[in-house]
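Work through the exercises below with the model open. Each task is followed by its solution.

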Amino acid sequence: MQQRIILTGDRPTGPLHIGHYVGSLRRRVELQDSGLYDKIFIFEADAQALTDNIDHPDKVRQNVIEVALDYLAAGLDPQKSTLFIQSQIPELCELTFYFMDLVSVSRLQRNPTVKTEIQMRGFSGESIPVGFFTYPISQAADITLFKATTVPVGEDQEPMLEQCREIVRRFNNIYGETLVEPNILLPENAACLRLPGTDGKAKMSKSLGNCIYLKDSADAVEKKVKSMFTDPDHLRVSDPGKVEGNTVFTYLDAFCRPEHFGRYLPDYEDLDALKDHYRRGGLGDMKVKKFLAAVLQETLEPIRQRRAELEKDIPAVIDILRRGTEVAREAGAQTMAEVRRAMRLDYFEDAAFTAEQAARFQ
C-alpha cells in the first residue's frame, strides 16, 4: 500500500505572515496532528530564495531561523513533521538537472505562476535569472524526491503542481514507474485561498509591505488593522457598505469563529448577522476593525508567546533543522538511487555492468 506523504514549504525571504498561516501553515498543523499521513516533510526553500536574492545571502541565512521559529511557534512538531533546509539536500540539485531535459522553454513560458512572479519582481526579457525561470522544475524535484502524494498549497500554486505532474508522467513513461504523481490540497475556506494584503490591492506579500506577520507585537497588529482597506464608498456610519472585496470582512471570513462573537461582539449572533448590518448601513468600520483585531490577537498571542520561548534557545532550533535535514537526506538518497537505476546511471551499483561491458568488447 502506497504511503501517504505530505511535502510543503516556504521561501525564507522574511518572517511568515498571516497569509501563510491561513493559506497553509494552520492546515499543516492540523494535518500533522490528524495522524492520517505516514510522513510529513516541511522545508525551507533557501536555494530557491537565492534566485532573486543572490546579492543578499545574509537575508536568506537569517530568515531561515525566522521561518523555523514561525513553524515551531505555530505548532509544527519535529517529532511528527520533518523540518529541513533545501540547500542541504544535494540530491535535489541532481534531480532538478535531470528534470530539465524533460521540459521545454515554451512550456515554462506558459506557466501562469511563473509569469506572475516574474512580473511582481520586475524581471523582464533577458534579465530573468535562469534559476528563477526554472523554478517549476526545481519545485517538481522538491516534491518528487520525497515521493509526496499530497502538497498543501494556495491556489496560486496549482499551475506548478500541474507542471510537476507532467514531469512525473513523462519521466515514468520514458524510464518506467519510478516517481509518484502528487495531488494538491487547497484550503477548505475560500477566504484562505488568497488572503489580500492590508491595502486590499494585492495578495499579501512581504515584497509589497502589506503584511501582518505572525511575530508582530499586539500594538503592531492593532495599528495595521486600523489602517486596513474597507469599502471606499462607506464614508459615514449610516451608509450601506459592501462586504465583497472589503479586506476586513475577508479577514473575518478567514479567522472568525462563532464563539468569537460571544467573547468580543455579543450584539451579533454570527458573521452573517454582522455582514447584514454592514450592508444595510448603520455600522461603522472602526467597530468591525476592533472586532477583527480582537480575533487576530486571540489567534496570534499563543504563537507570540511560544516564539518568545523558542528565541531563548536558538541552538536548539538549529539542531531541530539539522536533525530533520539528516532524515530528509536519507529519504532523498533512497529515491535518487531508484532514479539513477531507472535512468541507467547506476554504473557502480549495478554488479552486472562491468561484466556486460567487458563481454561487449571481447
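**Exercise 1.** Locate the kink in helix H14 of this predicted model.

Solution. The bend in H14 is at Leu300 and amounts to about 35 degrees.

**Exercise 2.** Describe how H11 packs on H14.

Solution. Begin with the axes: those of H11 (residues 247–255) and H14 come within 10 Å and cross at roughly 35 degrees. The crossing is left-handed. Next, list the contact: H11 contributes Val248, Phe249, Tyr251, Leu252 and Phe255, while the residues from H14 include Val288, Phe291, Leu292 and Val295. Finally, sort the contact residues: ten are nonpolar, one is polar and one is charged.

**Exercise 3.** Count the aromatic pairs and classify Phe43 with Phe84.

Solution. The count is twelve aromatic pairs. For Phe43 and Phe84, the ring centres are 5.5 Å apart and the planes are at 20 degrees, so the pair is stacked. Phe43 belongs to strand S2 and Phe84 to strand S3, so the pair ties together parts 41 residues apart in sequence.

Note on methods. Residues are numbered from 1 along each chain as its sequence is written. This is a predicted model: local features need pLDDT of at least 70, side-chain atom pairs count only at pLDDT 80 or more; totals for chains, interfaces and linings use all residues. Side-chain values use heavy atoms; hydrogens and water are left out. Axes are lines fitted to C-alpha atoms, for helices over the stretch in contact, and angles run from 0 to 180 degrees between N-to-C directions. Helices (H or I, at least four residues) and strands (E, at least two) are DSSP runs, numbered from the N terminus. A crossing is left-handed if the near helix is turned anticlockwise from the far one by less than a right angle, and right-handed if clockwise. Contact means heavy atoms within 4.5 Å. Ala, Val, Leu, Ile, Met, Phe, Trp, Tyr, Cys and Pro count as nonpolar, Asp, Glu, Lys and Arg as charged, and the others, Gly among them, as polar. The bend at a residue is the angle between axes fitted to the seven residues ending there and the seven starting there. Rings of Phe, Tyr and Trp (its six-membered ring) pair if their centres lie within 6.5 Å; planes under 30 degrees apart count as stacked, over 60 as edge-to-face and the rest as tilted.
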